[in-house]
Amino acid sequence: NREQLTCKSRELLAEGDELELQLLLTGVGPVSLTVVVEWVLLSSYGHSAGLRVVPNPAAQQALEHFVALQQAGLRGK
C-alpha cells in the first residue's frame with residue numbers, strides 16, 4: 001500500500017534506520033521513497049523487513065496509482 005512496504009534484504013537492517021529507495025514501478029515509472037525500518041525478521045535465507053513510507057505527496061500519489069493498477073490487473077502505460 002502507499003504507507004507500508006515489506007522487503008527481503010541480504011543487508012542487516014536495524015529498526016529505526018532511514019533509507020532512500022529508488023523503485024521502478026510498472027505503469028508508473030521511477031519513484032523515490034524515504035522509508036523507516038519498522039521491524040526486521042532475521043533469516044539465513046534473507047532478512048525480511050517492514051518499511052514505513054515517510055509522507056511525500058508525489059511519491060504517495062505514484063504508489064496509489066501503482067496499487068490501483070495492480071488491483072485492476074493492469075500493467076499501466
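Accessible area here comes from the Shrake-Rupley method with a 1.4 Å probe. Keep that in mind for the first view, and remember throughout that this is a predicted model.

View 1. Follow the sequence and you get the pattern β-β-β-β-α. Along its principal axes, the C-alpha trace spans about 35 × 25 × 15 Å. The protein chain exposes about 5,400 Å², and carbon and sulfur atoms supply 52% of that area. Of the 77 residues, 29% count as buried. Take the contacts between residues at least 6 apart in sequence: 50% of them join residues at least 24 apart.

**View 2. The four strands form an open sheet with antiparallel pairing.** Which order do the strands of this open sheet take? Going across, it's β1-β4-β3-β2. The edge strands are β1 (4-9) and β2 (18-25), each pairing on one side only. From one strand to the next, the twist averages 45°.

**View 3. Zooming in, β3 and β4 run antiparallel.** How many bridges join β3 to β4? There are 6 of them. Look for V37, which stands opposite L51 in β4. Then find V35: leaving out residues up to four places away in sequence, V35 touches D17, E18, L19, L21, L51, R52, V53 and V54.

**View 4. This is the largest nonpolar core, with 12 residues in all.** Its members are L13, L25, V31, L33, V35, V37, A49, L51, V53, A59, A62 and L63. Strands β3 (29-41) and β4 (47-53), along with helix α1, each supply at least two residues of this core. Which element gives the largest share of this core? That would be β3, with 4 residues.

**View 5. Helix α1 lies across β2, β3 and β4.** Compare directions and you'll find α1 running at about 90° to β3. The helix covers residues 57-72, and Q60 has its place there.

View 6. Is Q60 buried or exposed? Q60 counts as buried because its relative accessibility is 16%, and the cut-off for buried is under 20%. Which residues does Q60 touch, not counting those up to four places away in sequence? Look for R2 and P55.

Key: Residues numbered from 1 in each chain as written. Predicted model: local features only at pLDDT ≥ 70, side-chain atom pairs only at ≥ 80, totals over all residues. Heavy atoms only, no water. Buried < 20%, exposed > 50% of the residue type's maximum accessible area, 1.4 Å probe, protein only. Contact = heavy atoms within 4.5 Å. Core = buried A, V, L, I, M, F, W, Y, C linked by side-chain atoms within 4.5 Å. Pairing = 2+ DSSP bridges. Axes fitted to C-alpha atoms, helices over the stretch in contact; angles between N-to-C directions.
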